[in-house]
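Reader: I'm new to this one. Could you walk me through how to read it?

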Amino acid sequence: MSEEILKFPDDFLWGAATASYQIEGAYNEDGKGESIWDRFAHTPGKIYRGDTGDVACDHYHRYREDVENMKKLALKAYRFSISWPRVIPQGKGPANDAGLDFYDRLVDELLKEGIEPFITLYHWDLPQALQEEGGWANRDLAGYFADYVALVAHRLGDRVHHWITHNEPWVTSFLGYGLGVHAPGIKDLASAVQVSHHLLLSHGRAVEVLRDLGDERTVVGITLNLSPIHPASEKEEDKRAAERYDGNLNRWFLDPIFKGTYPPDMWKYYGDKVPKVLAGDMSVISKRIDFVGVNYYTRSIVKADPKQMFGLSTLKVEGAEYTDMEWEVYPRGIYEILKRVQDDYDPEAIYITENGAAFPDEVDEDGKVRDFRRINYLKEHFAFAHRAMKEGVKLKGYFVWSLMDNFEWAYGYSKRFGLIYLDYPTQKRIFKESAHWYRKVIEKNGVER
Ligand code: FCB
């Protein structure tokens, strides 16, 4: 039987993604201010094995080599984030030219190689000075964020046209302020919900700022972590638990952005924890965007569990494959979530801004990293994304998480998501088999099945 090739559209943007705190290192160099992740990682007990992002992949010094590697991968696009405290050390007030210069050089390097930059403006490394003012629980941050976005946009907007306001506001609010497993480590559901509102508000303010550039090439969106949520059984209570988790994770962010309202069932459920919303907020939040970025890794299977947050817990699936993160490999989920977002919210375009898997990769004696499970994971997800496109989903590009192994938040360096292996002691970069495979996918603009 001849091999089938699933072809992608000519202008499909194949890419890879990273985030500033996870790769840059140079945490206190050239005038950079402290971020909440610097503070969190330096606090004993917060990160696995006490790892920190102080050095990470040393990308701040090695970005040329990294762009060189992107070129070898034949990437068409690269998604990275700006460290707010690197460019405005105190979060507001004077800018740090050396920090801006770094991103300037990075962008030029990318463009020189014909790689389209996609900038994430907030991927979790808030200036610590703003945390001292309450962090995202303080409504004023929406204004400070808008000022920061204006600074970056004016500096890079002549060359950068793709902007992502926030990465995964659900994670910022519910893991940072609800469960406290991410910086700033606060455990208070009411403030998590309030934070989610301020993040959305700051998103809308940033959209306005970027539109004010008056450049027709500007393309603005937001990245959400979305998952299909399946009930563990046909029982009413499990179905209601699944609805609730879907409301919390997916609809609480999609509805305000695309419909200008919070989902009524969740508003009722949060009760006295609903956020304070001022007149005009919802119209700022629902400003037209050009695309939505979807980060997809896995699905959740949910059962009612009154003792837990939101009255639910998630189940493992017997016999299913799991990644090193203990996330089920469920490729069909990318199809389910893409179809759902297109059908229910009708965005102008969608990008997969993250998809990938962590496995316990090792370098073999011959120097190769045989990460065939990752190849398989990506292949299956690409195929399901392709199917969604054939059925009308306006998917325009796909960013693999991640370009290289990096600091995986609370898990430190113990989880490897990269296409490129990082030997941390030597900072040597080694292409995994998945990187070679991905290059072929990009060159053929298709996936062999
Ligand atoms: C996402 C984050 C990203 C990375 C992946 C594995 O939630 O956006 O930074 O850590 O998970």
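Author: Let's start with Asn248, which lies in helix H10, spanning residues 236-259. Keep in mind that this is a predicted model.

Reader: Is Asn248 buried or exposed?

Author: The general idea is a cut-off: buried means under 20% relative accessible area. Asn248 has 0% relative accessibility, so it counts as buried.

Reader: Which residue does the side chain of Asn248 contact?

Author: For a polar contact, look for a pair of N or O atoms within 3.5 Å. Here the side chains of Asn248 and Tyr270 are joined by one of 2.9 Å.

Reader: Okay, on to the ligand. Where does the ligand sit?

Author: You'll find the ligand in the largest pocket.

Reader: Which side chains have a polar atom by a ligand oxygen?

Author: Gln22 is one of them: an N or O atom of its side chain is 2.8 Å from an oxygen atom of the ligand. His123 also has a side-chain N or O atom 2.8 Å from a ligand oxygen. Then there's Glu354, with a polar side-chain atom 2.9 Å from an oxygen atom of the ligand.

Reader: How much of the ligand's accessible area does the protein cover?

Author: On its own, the ligand has 290 Å² of accessible area, and the protein covers 94% of that.

Definitions and conventions:
Residues are numbered from 1 along each chain as its sequence is written. This is a predicted model: local features need pLDDT of at least 70, side-chain atom pairs count only at pLDDT 80 or more; totals for chains, interfaces and linings use all residues. Side-chain values use heavy atoms; hydrogens and water are left out. A polar contact is a pair of N or O atoms within 3.5 Å; within protein, one must be able to donate a hydrogen and the other to accept it, and residues adjacent in sequence count only if both atoms are side-chain atoms. Accessible areas come from the Shrake-Rupley method with a 1.4 Å probe; for residues, only the protein chains shown count as cover. On a 1 Å grid over the protein atoms alone, a cavity is a set of points where a 1.4 Å probe fits but cannot get out, and a pocket is an open set with protein on both sides within 12 Å along at least five of seven lines; lining residues have an atom within 4 Å of a point. A molecule sits in a cavity or pocket if more than half of its atoms lie within 2 Å of its grid points. Helices (H or I, at least four residues) and strands (E, at least two) are DSSP runs, numbered from the N terminus. Buried means under 20% relative accessible area, exposed over 50%, partly exposed in between (1.4 Å probe, protein chains only).
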